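The following exercises are to be worked with the sequence and the coordinates at hand. Each task is followed by a stepwise solution.

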Amino acid sequence: MNKKRDKDEYLEQLWSMREKNVNSVEELKKELHVEFNAQTFQELIDDNMVETDDKSQTIKLTDKGEKEARQIIRAHRLAERLISDVLGEEYEAGAGEFEHTINPELVDGICTLLGHPRECPHGRPIPEGECCKRCDKTAQASVVPLPELEVGQSAKIAYVQCKSDQQMHRMDGLQIRPGVMVKLHQKYPTIVIECEGASIALDNEVASNIRVWAKDVIEEAGGQAGKGGFRGFGFRHRRGRR
Ligand SMILES: [Zn+2]
Ligand SMILES: [Zn+2]
């Protein structure tokens, strides 16, 4: 049994409970993935991580506990993002391990790599890290929104941020999924991309939720677009515009 891990679990659930506007000990017992242990709970209070109010029978994170929980939640949700979008679903069980072992610098590195995603695949908010606040000025993100490509450039999809399962299905049906090469054909008046040989029009918001690797962007000229299995090479767009 790992005490630190158990405590992390309490903190994590208290953070999630706050998102759902619940704050009772009873609720915590229900949410925990480990057996509720009165001693562990008392230690969190003694460590000044958790505060209880006997009168209202409520519990909440202290500032100290909140800081700790924020880091755990951030690591967990970024791990989910990384796993579901980049590695694939079969690694999903690993997300719970990851949050306990990873250090904050590495978490920021992953966040930057993923282009500072704002939500986990379940649609829950990922707490901002220092990297997110700094990003637009200093850090060069490895993953950028698709519309940031120039017309004619191709890049590989890193992940697709979807609002709903329905949207995810639609994107998947269009072959818009991680690892696939897409080419930006047109930006105005609508965004048109080429994906797996098909020409697809997307509204701006949807296109922005498609994140591509900023490295390995392939220019149209030089005939290199065939790299990375880009099957649509040679497709001629009706009216090219720059
Ligand atoms: Zn999640
Ligand atoms: Zn970030």
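**Exercise 1. Salt bridges**

In this predicted model, a network of salt bridges links Lys-3, Lys-7, Glu-43 and Asp-47.

Task: Determine how many salt bridges a search of the whole structure finds, and describe the pair formed by Lys-3 and Glu-43.

Solution.

Step 1. The search of the whole structure returns 15 salt bridges.

Step 2. In one of these, the side chains of Lys-3 and Glu-43 meet with an N to O distance of 3.2 Å. Lys-3 belongs to helix α1 and Glu-43 to helix α3 (residues 38–46), so this pair ties together parts that are 40 residues apart in sequence.

Step 3. The relative accessible area of Lys-3 is 36%, and Lys-3 is therefore partly exposed.

**Exercise 2. Two further ion pairs**

Task: State how far apart the closest N and O atoms are in the salt bridge of Lys-29 with Glu-26 and in that of Asp-172 with Arg-177, then classify the exposure of Glu-26.

Solution.

Step 1. For Lys-29 and Glu-26, the closest N and O atoms are 3.7 Å apart. Both residues lie in helix α2 (residues 25–31); because they are three residues apart there, about one helical turn separates them.

Step 2. Glu-26 has a relative accessibility of 52% and counts as exposed, the cut-off for that class being over 50%. Lys-29, at 37%, is partly exposed.

Step 3. For Asp-172 and Arg-177, the closest N and O atoms are 3.0 Å apart. Asp-172 is partly exposed at 36% relative accessibility, and Arg-177 is likewise partly exposed, with a relative accessible area of 29%.

**Exercise 3. The zinc site**

Task: Identify which residues coordinate the zinc ion (ligand 1), and decide whether Cys-120 is buried or exposed.

Solution.

Step 1. The zinc ion (ligand 1) is coordinated by OE of Glu-80, SG of Cys-120 and ND1 of His-122, at 2.0 to 2.4 Å.

Step 2. Along the sequence, the spacing of these donor residues is E-x39-C-x1-H.

Step 3. Cys-120 has a relative accessibility of 3% and is therefore classed as buried, since buried means under 20%. His-122, with a relative accessible area of 56%, is exposed.

**Exercise 4. A glutamine side chain**

Task: Find which backbone oxygen lies 3.0 Å from a polar atom of the side chain of Gln-186.

Solution.

Step 1. Gln-186 is located in strand β5 (residues 181–186), and at 12% relative accessibility Gln-186 is buried.

Step 2. The backbone oxygen at 3.0 Å from a polar side-chain atom of Gln-186 belongs to Thr-190.

Step 3. The backbone oxygen of Tyr-188 is also placed by a polar atom of the Gln-186 side chain, at 3.4 Å.

**Exercise 5. The second largest pocket**

Task: Characterise the second largest pocket by its space, by the helices that supply its lining and by the classes of its lining residues.

Solution.

Step 1. The space in the second largest pocket amounts to about 360 Å³.

Step 2. The lining consists of 21 residues, and those nearest the centre of the pocket are Glu-9, Glu-12, Gln-13, His-33 and His-76.

Step 3. At least two lining residues come from each of α1 (3–19), α4 (63–87) and α5 (95–101). Helix α1 gives the largest share, six residues.

Step 4. Sorted by class, the lining comprises eleven charged, seven polar and three nonpolar residues.

Conventions:
Residues numbered from 1 in each chain as written. Chains lettered and ligands numbered in written order. Predicted model: local features only at pLDDT ≥ 70, side-chain atom pairs only at ≥ 80, totals over all residues. Heavy atoms only, no water. Donors = N, O, S within 2.8 Å, 3.2 Å for Na, K, Ca; no water. Buried < 20%, exposed > 50% of the residue type's maximum accessible area, 1.4 Å probe, protein only. Helix = DSSP H or I, 4+ residues; strand = E, 2+ residues; numbered from the N terminus. Polar contact = N/O pair within 3.5 Å; in protein donor to acceptor, adjacent residues only side chain to side chain. 1 Å grid on protein atoms, 1.4 Å probe; cavity = no way out; pocket = protein on both sides within 12 Å on 5 of 7 lines; lining within 4 Å. Points joined across faces, edges and corners; volume = space filled by probe spheres on them. Nonpolar A, V, L, I, M, F, W, Y, C, P; charged D, E, K, R; others polar. Salt bridge = Lys/Arg side-chain N within 4 Å of Asp/Glu carboxyl O.
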